[in-house]
2 protein chains.
Amino acid sequence: MEKTEATIITIGDELLIGQTIDTNSAWMATRLNEAGIWLRRRVAVGDSREDILQALREESAKVPLILITGGLGPTADDITKDVLCEYFDTRLVWNEAALQRVTQLLQRRGLPMLERNRQQALLPEACTPVPNERGSAPGMWFEKDGVVYVSMPGVPYEMQGMMEATVLPRLHTRFHTPAILHRTLLTSGMGESFVAERLADFEKGLFAIPPPVSIKLAYLPDFALLKLRLTAIGPVPADTEAVLERQFGQLQALLPDITVATADITLEALLGQLLLRNGRTLGTAESCTGGYIAHRITSVPGSSAYFKGSVVSYVNAVKQEVLKVGADTLQQHGAVSEAVVREMVTGALALLHTDYAIAVSGILGPGGGTPEKPVGTVWVAAGSRDRTLAKSYHLRHDRQRNTAMAASYAMNLLRTLLETGEAL
Amino acid sequence: MEKTEATIITIGDELLIGQTIDTNSAWMATRLNEAGIWLRRRVAVGDSREDILQALREESAKVPLILITGGLGPTADDITKDVLCEYFDTRLVWNEAALQRVTQLLQRRGLPMLERNRQQALLPEACTPVPNERGSAPGMWFEKDGVVYVSMPGVPYEMQGMMEATVLPRLHTRFHTPAILHRTLLTSGMGESFVAERLADFEKGLFAIPPPVSIKLAYLPDFALLKLRLTAIGPVPADTEAVLERQFGQLQALLPDITVATADITLEALLGQLLLRNGRTLGTAESCTGGYIAHRITSVPGSSAYFKGSVVSYVNAVKQEVLKVGADTLQQHGAVSEAVVREMVTGALALLHTDYAIAVSGILGPGGGTPEKPVGTVWVAAGSRDRTLAKSYHLRHDRQRNTAMAASYAMNLLRTLLETGEAL
């Protein structure tokens, strides 16, 4: 059985001058993968007729499925539709359903119909339109010489709606797809090289797995965590899963001391599970992370069941007045100190009436460092009324990455507390 | 004068199954662009010998510069180095400087040297090593048949250090590059289609600009804002800039009513400038956004000069007890209401002792909606002791996007307040 392979082509100058980070490709890749389609290449080209045509020609020689995003908006810098007409040797015709759709959408928003809005209903005659429930520009499905091409808008929300409602179901019936399955083990506390050393024989064993199932291991470092992902490919889902589960069991057995979770889950979601399971609540007291930990925790749907709130004490006055950190403590130890983060935990527990609190204070850069406390010095703490753990780090990256790392380390410390305390 | 064109090849299965979002490409694209190098294509391929070789062959036929990231770590799923040896018909030899570097790095971290660490000092004989000040795997610079290839690790922090310290300076001397210049106008309050309508003649005029300078206009919607970016390309920096400035002046003159800023700046940085200029301070009181606004505001270096802190009142008890929102108000209007966000502003101003406060309360989904207040209902407010503006929105996206939109709308409301109030 052959793998169905695909290419994603993203169109738009903004991707080539760095103004936009391509999040569409990762989303599409995940969905294709779940659907048993192997994404072989991703190609980004600018709003250039020649480059778009070249990409269509070259990729269609490699794979039977091409997904295209970008270049389908109402403004004049979009040229995708004309280029597709040229490539498929067809012409633009009015599409009645698409015209109605744009008309309704503008009416509902109380906006007049401009000529450039109307033109979104002009579609290549050779395509099957793909409805866009979330915007005005329809998608387009083409087939030529055995290759399927699907063109979608670049707006993530619109593209995602189209993929889920129409494109993925149609791909499922159009292609015969193998099973592609993943299992991810989350570990913490051991570096990538050392884990790899321990897994050397296990990895050799993966190459000896008899066809038709094959399994790959990938190492994915993620700040406080290291993710180990096994990917299995095989023709029969049940058989593929059985082989994968056997290998995943072996992997787990090799790393009991550093295993954090047996699913691909974020630290914030994992904390949510641990808190929910024990009916406990959480708050945060953040200085340098500026609310980022609270943001990550509340990014989990349903987090209101265990997260009560946060105090971002960016200045010392808020640490003192709101979190009741002692003036003496600040004076004696400085804001970035073990004593202060411990008092921040105590203050947050009392103010927010939670069972647990996370606290962070540090200097994330680029400015603010001193000889004794250089940029990158961070203290994190996690505690309950009974017990508080505190730890310091020296981060050496830029402000954004230091923030992300400090947040991960702080949440990982709460995880340790939860798992070594009453949660076990 | 020819443009110097480049391709970025990113290597790694994690990019093709959606486990990783490619932020490296956007960063590299920005830097190349600033250096006058036009990124023509971006290609992502998996950890597959054939696919990497194919990408190297195909891209080198198109452009004279290929930047490669990914696949240079210490674990067994990385194959880039071997494939590069095959492609450049060379072999791995020990590099003394790289070996010293790894040795020092591990010593400094108190870790033993493993064989797989040692092997990072094995480099293709045909390459010029690129020092890695931020990690253990050096980069590699190759030249073959007039094409430059630079291979770097996929870890963003390491790649960025290498680019800035070594790769960009070397590219500058190796290639003759034209000027690529941008000017961005930030607007707010008018939809993309309507702005495009007003700019129709201006856009036609861009096509009439005489060579050798050419200018393009791009529309980049960004939640509460719409960015209009002019890109100019020309052989002589001063001449190119003069043409660009003239056009940018015309663009500004066409949109005085909706212009927010004349630079490519984030809303949070813009707020920072406005607050700093007037010596004012800010705090936030966040319910549904869960600290995300505070996070964005504190992501700006130097924000401690005007940002004092935040209260994330995820539950009503915190709204009442910490922010002093009235129990009656909550009872009568519900937590998602104009009355509550106005009291949250008042509470934050008093608690955090700031001149301005932003408040948000809403239901961002997927759960929590009611018939009267469906998912997506959000109230935002921005105020000082004298005046508070409040506004409601009905967001229709997923939790993550709704959070980002609510934050942008709330910050934009403060911008309006600052610009229509004493700041003008």
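Predicted model: local features only at pLDDT ≥ 70, side-chain atom pairs only at ≥ 80, totals over all residues.
The interface between the chains is considered first. Chain A contributes 95 residues to the contact, and chain B contributes 96 residues. About 7600 Å² of area is buried between chain A and chain B, and carbon and sulfur atoms give 53% of this area. Charged side chains also take part. Side chains of opposite charge can pair when their charged atoms come close. Across the interface of chain A and chain B, 10 salt bridges are found, while the count over all chains comes to 43 salt bridges. One of the salt bridges joins the side chains of Lys62(B) and Glu58(A), with a distance from N to O of 2.8 Å. On the side of chain A that touches chain B, the element that gives the most is strand E2, residues 37-45, with eight residues. Sorted by class, this side of chain A has 40 nonpolar, 28 polar and 27 charged residues.

A salt bridge is found between the side chains of Glu58(B) and Arg41(A), at 3.7 Å from N to O. This pair crosses between chains: Glu58(B) belongs to helix H3 of chain B, residues 49-60, and Arg41(A) belongs to strand E2 of chain A.

The sheets are considered next. Strands of a sheet pair through backbone hydrogen bonds, either parallel or antiparallel. An open sheet of 10 strands, with mixed pairing, contains strands of chain A and chain B. Its order is E17(A)-E16(A)-E15(A)-E13(A)-E14(A)-E14(B)-E13(B)-E15(B)-E16(B)-E17(B). The edges are formed by strand E17 (388-394) of chain A and strand E17 (388-394) of chain B, each of which pairs on one side only. On average, neighbouring strands of this sheet are turned by 10 degrees against each other when direction is ignored. In chain B, strand E15 (residues 356-362) and strand E16 (residues 377-383) are antiparallel and pair over six bridges. Here Ala357(B) has Gly383(B) of E16(B) opposite to it. In chain A, helix H16 (residues 399-420) packs on the sheet and touches strand E13 (282-286), strand E15 (356-362), strand E16 (377-383) and E17. The direction of helix H16 makes about 30 degrees with that of E16(A).

Another open sheet, in chain A, has four strands in the order E10-E11-E9-E12, with antiparallel pairing. Strand E10 (214-222) and strand E12 (259-261) of chain A each have a single partner strand, so one side of each is left without a neighbour in the sheet. From one strand to the next, the twist averages 30 degrees. Strand E9 (residues 179-187) and strand E11 (residues 225-234) of chain A run antiparallel and are joined by nine bridges. In this pair of strands, Leu181(A) stands opposite Ala232(A), which is in E11(A). Helix H10 of chain A, residues 237-254, lies across E9, E10 and E11 of chain A and runs at about 15 degrees to E9(A).

Some local features of the backbone remain. Most residues other than glycine have a negative phi, and most peptide bonds are trans. The peptide bond between Pro211(B) and Pro212(B) is cis, with an omega of about 10 degrees. Pro212(B) lies in the loop between helix H9 (200-207) and strand E10 (214-222) of chain B. A cis peptide bond also leads from Gly365(B) to Pro366(B), with omega near 0 degrees. The loop that holds Pro366(B) is between E15 and E16 of chain B. In chain A, His353(A) is not a glycine but has a positive phi of about 55 degrees. The position of His353(A) is in the loop between helix H15 (338-352) and E15 of chain A.

Terms used
Residues numbered from 1 in each chain as written. Chains lettered and ligands numbered in written order. Heavy atoms only, no water. Contact = heavy atoms within 4.5 Å. Buried area = accessible area lost by both parts, 1.4 Å probe. Salt bridge = Lys/Arg side-chain N within 4 Å of Asp/Glu carboxyl O. Helix = DSSP H or I, 4+ residues; strand = E, 2+ residues; numbered from the N terminus. Nonpolar A, V, L, I, M, F, W, Y, C, P; charged D, E, K, R; others polar. Pairing = 2+ DSSP bridges. Axes fitted to C-alpha atoms, helices over the stretch in contact; angles between N-to-C directions.
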